[in-house]
Amino acid sequence: MEERQSFIYKLILYITGFLLFCEWMRPMEQISDTDDVRVFFIYATFCFFISFLQVPWYLSIPLKGLGLAFILDGLYIAERIFSRDWFSVLYEQVLFNIQMIQSQEWWQMTPLFRSLLFLILLWLMSYLLYYWFVVARRMFFFVVLTLIYVTVVDTFTIFDGKWAIVRTFILGMVALGLSSFAKVMDQESISFKGLQKAQVWALPLLAIILFSSAAAYASPKLDPQWPDPVPYIESAAGGAGPGGSGSGTVQKVGYGEDDSRLGGSFIQDDTPMFRATADGQRYWRIESKDTYTGKGWEDTLEEPVTNMDPQNISYELFTDNVEVEEQTVMIEMSRQASFQKLVYPYGLSSLVRFPNDYELRVHENTGEMDTVKGDSPAKVNEFIANYEYPSFEYDQLREAGDDDPQEIRDQYLQLPEGLPNRVRNLAGQIVEAEDNRYDRAKAIESYFSSNGFEYSTTDVPVPDENEDYVDQFLFESQLGYCDNFSTSMVVMLRSEGIPARWVKGFTGGERIDTLETELSDDLQNVYQVTSGNAHSWVEVYFPEIGWVPFEPTKGFTNNTDFYTDVETEEGEDPAAAPDSETPEDQMGNPQQMEEEESSDAAGAAGSSDQSYTWLWVLLSAILVAAIILYFTRYRWMTALLIRKYRKNKDEETYEKAYHYLLKVLDHKGFKRKPEQTLREFAISVDQHYQSNDMRRLTNHYERVIYRNEAQSTQWPKVTELWENLIKKTLS
């Protein structure tokens, strides 16, 4: 009986410790790139159960190792488990990640390796918590540590720790009460044998816990008495930006559906979302939103939703007046992508290889396309899309006029009543010199690139309760990312009576390969699109044309094709001179010919003067051309070198390209100090451009120079990084 009661006591204590440990894993889905933590909960339960049973080490290690292997196989490895190929994949993953750790490129660590490290941590914690709770009975430190962890995560991330604090408090009181109960028994030499009525001892403890918890929950709460610690800590660390005390919580960058509260900083996330095999970079659209609240965006136009035939998609963003080119793209969603929506290019017309048991439900106003299996949203892993890539003609846009349909005006001119007047006044000042819709939109789009605005995902403020999101960005912080720029452009356009809407999706991604496919006779590029490519931009309505995308975010380029239409009149020969004569006209009458001869003789005397004049004109033109070529030498030299370096894939060419990049950076003011290493210089460049391209390129360069590693297989990736940095520097 004594052994049985002792076993029950240890079991309750150990379960309490396990539930406390679970509070450490609950926030993972919101503060990390973990999509589903259930598999980790299952493995943790398995490890804790084996530790509690005190299975000998020669059995527990293989059992926990098998569980770890099955989880990795189910999540990441497609080969047959424990086969030669399976071990080969695991070995290559571990070897690659060790190299990344040695080179301090932590962002290059793969999801498989990160999961492996976390599973090993769960393995170790199952033993440590058994020792702390059951053997040593020192759970006070772990309870306090759990409370600190929950409060810190609640303060500095988007995780809401309200109920986590309540659960931790109750579990902590249970653990500490049982521990004190056991210590008193030891001190008084009371054995479990005499505890046949254990409920007599347990009921007071249970009553105190329930009463304390209920009283704490029901009692009135004061408002926060201390100021928000986040800005103070950022200031003390030297990281305070223009946000000041309005700085918000740090969120994980990526696509999300709730945009009702914009603002705050973001943590960069490079989790792969999908791969696109296409002719060129495209913006991948998901949805638009129509109602600006002063704090963010809401969708009030969700209806109607129509089931559409994937082979014939009738959702149109522009009319037949727009010139299009038929193209095809293949989309391959990654395992980490969790949203059940279609990502698609402008001009989508049909889907190929779309699963027969899936439905496509299209929100006709927003363009959001839900993929549904049965009655539940489901992700489509792979499909091919046919689309008509649009090209917008400048004069056609300028001549579109302002005769918008009433439905468009009702839906896309909405603004909150509390919008500050200075936002409207600024929009009027920006467009006052323009006489057509396109030039007005371009004026607002260009405003952000030359008026002190900065692109940043850190230190971005959140508007206060009585502060407008756009007003704060335009007149106070002038610091932000795509949401700030795109929302501000839409609001200013609407204040000028121009229908516009806010659009979400992904940018083109990073080119990682070039290959031949069945989609096209020519080579196609393969682009990797990550969570970091999540983006928002603007669509402006033009009568008789439709919705045209604009890109106001500083540092981003609009991938939409615009062109100027140059035409000759029907029947006109552009090679013929307008005043040319026929042979019959040249014969004329003798008197006319005599007059022409006399005029030719008179003009011969001045021919020498004219020749000198033309000589000076020619010399002046050569001088002007030389000056222009000198001041634009880096641009045309870059264009020539890009073509050259794409063809040559040897290490010598790579070294020359890297040195040329350093020369361009030096020309633009990024001077490398004598004491700076290449890595230190790369970090300073990336901090300016808010990217990690220079560090990645430098890492490849060091491998070529110092390790003599061949980089031919990485050439498309290296070329893409090099071109991006050159274009950013010269822009």
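**Labels and cut-offs**

Trainee: How do you know that the length of helix α5 fits its residue count?
Mentor: Helix α5 covers residues 84–102, which is 19 residues. The expected span is 1.5 Å times one less than the number of residues. That gives 27 Å, and the end C-alpha atoms are 27 Å apart, so the two agree. A helix here is a DSSP run of H or I with at least four residues; a strand is a run of E with at least two.
Mentor: This is a predicted model: local features need pLDDT of at least 70, side-chain atom pairs 80 or more, while totals for chains, interfaces and linings use all residues. Residues are numbered from 1 along each chain, and side-chain values use heavy atoms, without hydrogens and water.

Trainee: Which residues of α5 are buried?
Mentor: Trp-86, Leu-90, Asn-97 and Met-100. Buried means under 20% relative accessible area, exposed over 50%, partly exposed in between (1.4 Å probe, protein chains only).

Trainee: What puts those residues on the same side of α5?
Mentor: They cover an arc of only 95° around the axis, so they share a side. The arc is taken from the directions from the helix axis to the C-beta atoms. Arg-84, Tyr-91 and Gln-102 are exposed, on the face turned away from the buried side.

Trainee: Why is Ile-15 called partly exposed?
Mentor: Its relative accessible area is 42%. Ile-15 is found in helix α1, residues 2–25.

Trainee: What makes strands β7 and β10 a pair?
Mentor: Pairing needs at least two DSSP bridges. Four bridges join β7 to β10, so they pair, running antiparallel.
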